[in-house]
Amino acid sequence: MVRASLSSLILTALLLPSAALGSVVPRAPESFDYVIVGGGAAGSVLASRLSENSGISVLLLEAGPDNQGVPEGIIPYIYGRNFFSRYDWNYTLVPTPGLNNRQNMPYFKGHVLGGSTAINGMTYTRGPASDWDRIASYLGDSSWTWNNLQTLFKRSEAFEAPPGPANGRYTPSVHGTTGNIGVSLNLNNPWIVPPTLQAASDVGLPYNQDVNSGNPLGISWQQFAIKNGQRSSAAFGYLTAQNAARSNLNVRVNAKATRLIPETGSPLTFKTVEYVDEVTGSTVQVVANREIIVSAGVVETPVLLQKSGLGDAADLQAAGITVRLNIPAVGKNFIEHPGVPLSWSVNTTLTDDEIDKNTNGLFDQELQQWQDSKTGRLTQTSLTHIMYGRIPSNHSIFQTVADPSGGPNAPHFELIVANKWTTQSPRPATGNFIGMTNFVMSSTSAGSIKVNPSNPSGNPLIHTNSLNNEVDRVIMRHALRTAIAYMRSPAWAPFNIQPAFDASVADSDATLDTFVASNAFGGAHGVGTAKIGRANSPAGSDVVGPNFKVKGVQGVRVVDASILPFVPNGHAMVPVYIVAEKAADLIKAGN
């Protein structure tokens, strides 16, 4: 099958589940030049770029379904409806002390063509320049520096400027305008903008004209992967109508890879991918004549490697898996951004709670407007601005630990104001609210992901190890106290703002830590479970080399969030796009 076309909204009918091949599994495995496992951010980029050469055949396997025509996958405002749905892997976290050992905490990841870019909140952040310069220094490769990646940043972006002059809301020269992923600002809810900006100034967060300039510190207009009032996911941006028409590009959904099968003999080489057709239950094998590229994401990539015998030998043996190569770093170095959402009541009915309650049919009216013209409040989320800050440079924590961020212009924490209730508990039946989600961005607490030894075919063990290190707890305390001070700014006084939680928990470190452990979530931007390293690094200390090839193995590369060696000081979506663009260039150049 060839990937379906994508009109302005809908992926058309040429994309079929693997069952569309018929119920008969081929007697001899099909072969392609490249088999890409995972149709998320990275896999979509690679499938698009590698198939630009008509002489190269590419198969893209996506474990989840397609969400063509599904409102939740298209309408930005209702993105939260994707969570706990068939488009979510519906993972849960291993209990961890930093999260009060709570059971069955959700961990959202996209189980759909486009991956998490098809279900997330669409925040579009490149991260600070120092993030990329740190990777360049770590690898000894200047091609990773911020300045040397500018071509890729702009190549992948189609910034959609709002009507009229920029008015200091963004910097035009920073952005690409003809790329794959649409990017825009949220100009809805103008009532909240003046207090949002003034309160930031009151707590020492200066105005920053463009969060994606390389220095994100301060408060900026938030940028979103939204174009023409619709989500701009990896599937919509890279698997376009033009690309889908390529006879050399084949995309199969509902096709969950279960293992990579080694060739006989040595050196250890993999050419065959085994997957299960989730519609028919059939097991299918396909062969990569050139390479297998694993782009299944921070969770499924290490799990697939482990199920293929590549990983920590002790973990594999505990799960009854034959060890092909002992690579201790597989599934380790899992780093996330733990977050705490808070809410405050306000005395205005201009909040988006009115949409969620469908007051006087407001949601129905907005939905009709979106359907008619792709305009109105459903074209964006409830967020307008994003804030990044640092703890003081003379904080006592730095007497015992080094600064965990990439440099002085890299944030330690992120604050995002929402024009609605954001706390994880259900919204009260009455009242109006604004919210603030607070993240530790330069997290150092490393967890792990591995096959469940008691049920290897079931969901993996996802251990975020959140807030295990004192520096992470220090940053979270500072972020939350900044958020409380922010909402106490006189700018909010006209709205009779009141916390919907006991703000006195911030009076001591101990009570605040207890509050955090009971209210934080594990994050949504994980990286590092198949991290990249130098070609000559100690064996087993990382998983892939600078060329993205799995060390000690032939025929397999890994390209996705799992290769990032440091947690981004921003959301992970854009970094993954850039990693994939870079890998595609490298592969096409024959490296």
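**Exercise 1.** With which residue does E300 form a salt bridge, and how far apart are the closest N and O atoms?

*Solution.* The model is predicted, so local features need pLDDT of at least 70 and side-chain atom pairs count only at pLDDT 80 or more, while totals for chains, interfaces and linings use all residues. Residues are numbered from 1 along each chain as its sequence is written, and side-chain values use heavy atoms, with hydrogens and water left out.

Step 1. Apply the criterion: a side-chain nitrogen of Lys or Arg within 4 Å of a carboxyl oxygen of Asp or Glu. The partner of E300 is K256, with the closest N and O atoms 3.8 Å apart.

Step 2. E300 belongs to helix α7 (residues 297-307) and K256 to strand β12 (residues 255-262), so the bridge ties together parts 44 residues apart in sequence. Helices (H or I, at least four residues) and strands (E, at least two) are DSSP runs, numbered from the N terminus.

Step 3. Check burial. Both E300 and K256 are buried, that is, under 20% relative accessible area (1.4 Å probe, protein chains only).

**Exercise 2.** Locate R49 and E581, and state whether they are buried or exposed (over 50% relative accessible area).

*Solution.* Step 1. R49 and E581 form a salt bridge, their closest N and O atoms being 2.8 Å apart.

Step 1. R49 sits in helix α1 (residues 41-50) and E581 in helix α13 (residues 573-588), 532 residues apart.

Step 2. R49 and E581 are both buried.

Step 3. Salt bridges with shared partners join R49, E52, R155, E581, D585 and K588 into one network. The total count is 24 salt bridges.
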